Amino acid sequence: DTEVTQTPKHLVMGMTNKKSLKCEQHMGHRAMYWYKQKAKKPPELMFVYSYEKLSINESVPSRFSPECPNSSLLNLHLHALQPEDSALYLCASSQTQNLNQPQHFGDGTRLSIL
Amino acid sequence: GNSVTQMEGPVTLSEEAFLTINCTYTATGYPSLFWYVQYPGEGLQLLLKATKADDKGSNKGFEATYRKETTSFHLEKGSVQVSDSAVYFCALSSHSGNQFYFGTGTSLTVIP
């Protein structure tokens, strides 16, 4: 069982829809991450939150909007996505933002944009 | 700059065969090195890590040794099982801990 829970597992949406991806962890970790993973590729970092504040945005388009309501929750709000945004979206957490520490990943949300 | 170069796949082995997946790195200072595994339909899991030269990480029969002289962190397992079929990612974090790099991943299929 994964200690990082992501919902939904699958999402199909049109280009004009607004939806949100959710991530939750109860390990007391203070850093949380969003990654995008295309088929047969490694994950690409999108955002990093440290102590509930956005610390890294890897030049992600504004149609992706992250939110960290508290230390256990991380959301990714989606609006006006493009077909090329179809991918597996992974959430991860670690004790702090020091990347020498292991990251714990959820099983991801598989997103399809019609 | 920092980077990770990983053996191209896919790799197909028979059950009980010996596995090696090569990983080399470029980094300044003393990075930490990781192997993550991604089973079909799942997220990534940390398989093992090493934080300094000559450290050996091990887990579930897998091993990798941090070799500074050859800048390598090759993954090995003496006898693979069908359940080891997955994608394996070598990864590096910078000495300062503020940068992280995945390799391209190596797909392993083990056949009975």
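Strands here are DSSP runs of E at least two residues long, and helices are runs of H or I of at least four residues, both numbered from the N terminus. The model is a predicted one, in which local features need pLDDT of at least 70 and side-chain atom pairs count only at pLDDT 80 or more, while totals for chains, interfaces and linings use all residues. Residues are numbered from 1 along each chain as its sequence is written, chains are lettered from A in the order in which they are written, and side-chain values use heavy atoms, with hydrogens and water left out.

We begin where the two chains meet. Taking contact to mean heavy atoms within 4.5 Å, 22 residues of chain B touch 18 residues of chain A. The buried area, that is, the accessible area (1.4 Å probe) that the two parts lose on being put together, summed over both, is about 1400 Å², and carbon and sulfur atoms give 54% of it. On the chain B side, B:Leu44, B:Gly97 and B:Phe102 lose the most area to chain A, together 30% of what that side buries. Strands β5 (32–38), β6 (44–50), β10 and β11 (100–102) of chain B each give two or more residues to this side, with the largest share, 4 residues, coming from β5(B).

Next come the spaces in the model, which are searched on a 1 Å grid over the protein atoms alone: a cavity is a set of points where a 1.4 Å probe fits but cannot get out, a pocket is an open set with protein on both sides within 12 Å along at least five of seven lines, and lining residues have an atom within 4 Å of a point. A volume is the space filled by probe spheres set on the points, which are joined across faces, edges and corners.

The largest pocket has a volume of about 660 Å³ and is lined by 26 residues, of which A:Lys38, A:Ala39, A:Lys40, A:Lys41 and B:Val87 lie nearest its centre. Two or more lining residues come from each of β9 (87–94) and β11 (109–113) of chain A and β10 (86–93) and β12 (106–111) of chain B, and β10(B) gives the most, with 3 residues.
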